[in-house]
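Work through the exercises below with the model open. Try each task before reading its solution.

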Amino acid sequence: MDPWVYALGVVLGAALVAVAYGFVIRPWHMTWGSTAEERSLPLPGDELVQGPLAQATHAITIQSPVGEVWPWLVQMGQGRAGFYSYDWLENLFGCQIRNADRIVPEWQIIRVGDGVKLHPQAPPLTVVVAEPQRAIVLAGGSDFQPAMSRDPSFLKLHTYRAFTWAFTVHPQPNNATRLVIRVRVTWDRGLRHFFRSRMFLEPAHSIMQRKMNLGIKHRAESLRDH
């Protein structure tokens, strides 16, 4: 095969993959489970990150009332109940996560200003909203935490200017709950940060967030069944 034809094929193939990812795959994995209405719905904490460079909104319906879903959110965190996701995968990166399968009374308090850790070496995220039975919003990044030291973990949280992670619960008919979770993030502009976020962190977050939502659903519904 002519080397020029081969090179052109490679370029065209890469372009097609990029277009498919940008216009089909990424919009899906950044919004799975959510409705168009939920994606446009203002959530607590949205105002803290103006003009985000990326936003993901994920949602799931849980066949349990808000009061039985909320305790699982309150106790989340590294060193606490975990994040109900792929703990084996998180632990490959040193997160030291153990996901709880029960409500732990001593972890049932969360206040604005508290810290929630993702990784034992990473700076904790700050609780900026804690509205019982409604919303928990965690925030991080150099704009929110100007005294934050360099994050030596794989997360590199110090490279982000600002991000929020909002967990909101919405009562539904028949004692069900709609769990809607949103991430808004901005970082210093530059190709390195852009590609790291778009090609690694966004897909990784979407995969782990899906498992987390399913994990909360399973735990809340199982508790209700008993």
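Predicted model: local features only at pLDDT ≥ 70, side-chain atom pairs only at ≥ 80, totals over all residues.

Residues are numbered from 1 along each chain as its sequence is written, and side-chain values use heavy atoms, with hydrogens and water left out.

**Exercise 1. Find the order of the elements and where confidence is lowest and highest.**

Step 1. Count the elements: the protein has five helices and six strands. Helices (H or I, at least four residues) and strands (E, at least two) are DSSP runs, numbered from the N terminus.

Step 2. Read from the N terminus: α-α-β-α-α-β-β-β-β-β-α.

Step 3. Check pLDDT, the predictor's confidence in each residue, from 0 to 100. The protein averages 86, and 86% of the residues score at least 70. Confidence is lowest in helix α1 (residues 3-29), with a mean of 56, and highest in α3, at 97.

**Exercise 2. Explain why helix α3 is largely enclosed.**

Step 1. Set the cut-offs: buried means under 20% relative accessible area, exposed over 50%, and partly exposed in between (1.4 Å probe, protein chains only).

Step 2. List the buried residues of α3: Val-66, Val-69, Trp-70, Pro-71, Trp-72, Leu-73 and Val-74.

Step 3. Conclude. Seven of the nine residues of α3 (residues 66-74) are buried, so the rest of the structure largely encloses this helix.

**Exercise 3. Which element gives the largest share of the lining of the largest pocket?**

Step 1. Define the pocket. On a 1 Å grid over the protein atoms alone, a pocket is an open set of points where a 1.4 Å probe fits, with protein on both sides within 12 Å along at least five of seven lines; lining residues have an atom within 4 Å of a point.

Step 2. Locate its centre. Of the 33 lining residues, Leu-118, Leu-155, Leu-201, Ala-204 and His-205 lie nearest.

Step 3. Assign the lining. The largest share, ten residues, comes from α5.

**Exercise 4. Is Ala-166 buried or exposed?**

Step 1. Read its relative accessible area: 2%, so Ala-166 is buried.

Step 2. Look across. Ala-166 and Arg-182 are 16 residues apart in sequence, yet 5.1 Å apart in space, C-alpha to C-alpha.

**Exercise 5. Inspect the positive phi values of Gln-133 and Asn-175.**

Step 1. Take Gln-133, in the loop between β3 and β4. Its phi is about 65 degrees, although Gln-133 is not a glycine. Gln-133 has 38% relative accessibility, so it counts as partly exposed.

Step 2. Take Asn-175, in the loop between β5 and β6. Its phi is near 60 degrees. At 46% relative accessibility, Asn-175 counts as partly exposed.
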